Amino acid sequence: MEYFLNQLVNGLCQGAIYALMAIGYSVIVGVVGMVTFTYGEIMMIGAFGAYYVFQFIGINLPVALLAAFASSFLLGIIVYKLCYERFFNAPRHISLLCTIGFSMLIKNLVQIVFGPETKPVLNIIDNRTFTIPLGSAISIDLKLLQIVVMILVVVLAVTLTLFFNRTKSGIALRAVSQNKDAAYLMGINVKRTAMLGNCIGCGFGGVAGILLAIYYYSISTTTWGGFSMKAFSASVLGGLVDLRMSALGGLCIGIVENLGITISSATFRDVFAFGFLIIMLVLRPQGFASKKGSRV
Amino acid sequence: MSKVKELFNKYQALAYVVLLALLCAVPFILPKAVYVRYACNILMYATLAGSLNIINGYSGQTCLGQAGFFAIGAYTMAALSTKFGISFWLLLPFAGILAAFVGFLVSLPTLKLKGIYLSIVTLGASEIIRIIAQTWTPVTGGAMGIKQIPYPELFGLDTFRPKYYYFIFLVIGVVFLFVTKRVLNSRVGRSWIAIREDEIAAKSLGVQTSFYKSLNFMYGAFWAGVVGCAYAPFVNYIEASQFSTDTGFNVLAMIVIGGQGTLIGPIVGSTIVTLLTETLRFLESWRYVIYAVLIIAMMWLRPQGIAGASRSILAGGKIKRKKQAEGAEGSATNG
């Protein structure tokens, strides 16, 4: 029981990171209107941006998070120019393949430039553990790392919601995600706004990337494809463009994964994630969202 | 150009015979065994890409998980032949049927889904197959993989030499092309194309779209399984990482570079991609960079692929945009 509860906490924390990834992914899909397979590499670049902050400036979490956001944000501009801008009216598989090609490009360039070995990310957050007693025999171990990650995710999600609801550019983003033509007629610069949306989504991906790196104590150059698919799955679970539901999807995938590996071995982690996704899609093709095609 | 076509039509049978004879002579002409290996790879990937082309190019579904079906075929051959010594030629159709069955299972959830949802299901299914292959140690050898897969018998030839193994791939490729051409010209193939062009219109004309979509998946998966079965003894050692999603994307890149929705496209794509990645081996990681740039450049310059027709629905791109731009201008002046 105690093990089970602890795994639930682990799942919640991992799910929080997945939720952040899914939010970024949903912003991209919602605003641009096309899916991306470059997301894993965008997270990697964010993680690398933060890693070099740790290397050269020292352990300073806020600066590192900013660096992660900024580096992924800038990469987002290139992705947008290369993979989306020309292909708004083309069949979808064209931009999809462009993003696959771009992800190969970034992955291999990073391996050439930064070296293919896995880089350690240690001692960013104190390795302190709080034990919370629940009743007589049961207690939960909560790491400081997990608390920080969860708080960060919540803060970022709230900030993004405020941005979407309270600022002019946020409202423009929502307009573009609902209907590009109508937004164009209202005088919104659709291409520029789509680019901004793509970059913000990428930036969130970058932050999620460094959080994952801190969570796993390392940055590898090869495992990001899997995380990208988790983000994709979580956002599909949430109906692809609904931010809140995507976050819920991310949480669910994190929890299902971590509970799944308590009853089997850790190698089946991804089987549970994708199995859950496929079963959900069979039962409810529109995801958690209440109606088909609901928007950001 | 039209004259060439006319001549070709006149002597079609002769042309095919000459082409086949040339293809048969390839392993004896090529000076080094390495080059014959490249030729084998080209033939194998041409058939594998062709099987994906059935799904992506002809019925317009975006399947990203061909590596999974490929893996099923390869592991069927590897496991059954090393454990029970079953002959390659028996396992060849069996691997295909098994892959087709898995294709049927994958197609079930996808019938209700469209576009990108379908893609993620196929991708997820392919990953699940790979992870099972990696962990189901008693059957698949787990992370160790399966070694020393017996070579098939072929009229007493030493099939462990690529020179003779080439003919196995050639036969599979030719049979695949022949059967597929017949299928595509039949009621079934026409239904697939109708679904690709407009699913709702096809449905209203009485095409049972779910049945044909499912059949399409099974047919594509069948050939991927057959190719996988032939692949296992060729490399003689298989393990799960050979069937990662990157393999699937690789095959997808082949059909897109070559041209979706044409029979010749996957062959062209497989030739270009295989030659590129094999001959540039000395560049190490840079060859993937070049490959990636090629994919992006292809999408920018010729989205329908090298062999694809520019008017194809899969090309979209320029023509459509031009029309829309004209339409937008027209309505602007009217308003």
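Predicted model: local features only at pLDDT ≥ 70, side-chain atom pairs only at ≥ 80, totals over all residues.
Y217(A) sits in a loop of chain A, between helix 8 (190–216) and strand 4 (218–219). Start there. Y217(A) is not a glycine, yet its phi is positive, at about 60°. Most residues other than glycine have a negative phi.

N236(B) lies in the loop between helix 11 and strand 2 (237–238) of chain B. N236(B) is not a glycine either, and its phi is positive, at about 70°. N236(B) counts as partly exposed because it has 14 C-beta neighbours inside 10 Å.

Now go back to chain A and step from the loop to the helices. Find helix 1 of chain A, residues 2–32. Follow it to helix 8 of chain A. The axes of these two helices come within 8 Å and cross at roughly 165°. Which way do the two run relative to each other? Helix 1 and helix 8 of chain A are roughly antiparallel, because an angle over 145 degrees counts as such. The crossing of helix 1 and helix 8 of chain A is left-handed. Their contact is made of 18 nonpolar residues, five polar ones and no charged ones.

Helix 1 of chain A has another partner. This is helix 10 of chain A, residues 243–263. The axes of helix 1 and helix 10 of chain A come within 6 Å, and they cross at roughly 145°. Here the crossing is right-handed. The contact of helix 1 with helix 10 of chain A holds 19 nonpolar, 12 polar and one charged residues.

Next, look at where the chains meet. How many residues of chain A are in contact with chain B? There are 36, and they touch 36 residues of chain B. On the chain A side, the elements that give two or more residues are helix 4 (92–114), helix 9 (224–237) and helix 11 (269–283) of chain A. Helix 4 of chain A gives the largest share, 14 residues. By class, this side of chain A has 24 nonpolar, nine polar and three charged residues.

Cross over to chain B and find helix 8 of chain B, residues 162–184. Begin with its length. Helix 8 of chain B has 23 residues, so at 1.5 Å a residue it should span 33 Å. The C-alpha atoms at its ends are 32 Å apart, which agrees.

What does helix 8 of chain B pack against? Its buried residues pack against helix 2 (12–29), helix 3 (33–58) and helix 11 of chain B. Those buried residues are P162(B), Y165(B), Y166(B), I168(B), F169(B), I172(B), G173(B), F176(B) and T180(B).

Take helix 11 of chain B, residues 209–235, as the partner to study. The axes of helix 8 and helix 11 of chain B come within 11 Å and cross at roughly 175°. That angle makes the two helices roughly antiparallel. From helix 8 of chain B come Y165(B), I168(B), F169(B), I172(B) and F176(B). They meet W223(B), V226(B), V227(B), A230(B) and F234(B) of helix 11 of chain B. The contact of helix 8 with helix 11 of chain B has 10 nonpolar residues, no polar ones and no charged ones.

Finish with two buried residues of chain B. M298(B) is in helix 14 of chain B, residues 286–301. M298(B) is buried because 23 other C-beta atoms lie within 10 Å. Leaving aside residues up to four places away in sequence, M298(B) touches V256(B) and I257(B). M298(B) and I257(B) are 41 residues apart along the chain, but their C-alpha atoms are separated by 6.5 Å.

V268(B) is in helix 13 of chain B, residues 265–279. V268(B) is also buried, because 21 other C-beta atoms lie within 10 Å. Again not counting residues up to four places away in sequence, V268(B) touches G258(B), G259(B), I306(B) and A307(B). Where does L123(B) lie relative to V268(B)? These residues are 145 apart along the chain, and their C-alpha atoms are separated by 25 Å.

Note on methods: Residues numbered from 1 in each chain as written. Chains lettered and ligands numbered in written order. Axes fitted to C-alpha atoms, helices over the stretch in contact; angles between N-to-C directions. Helix = DSSP H or I, 4+ residues; strand = E, 2+ residues; numbered from the N terminus. Left-handed = near helix turned anticlockwise from the far one by under 90°. Nonpolar A, V, L, I, M, F, W, Y, C, P; charged D, E, K, R; others polar. Parallel < 35°, antiparallel > 145°, perpendicular 65-115°, else oblique. Contact = placed C-beta atoms within 7 Å. Expected span 1.5 Å × (residues − 1). Buried ≥ 20, exposed ≤ 12 C-beta atoms within 10 Å, placed from the backbone.
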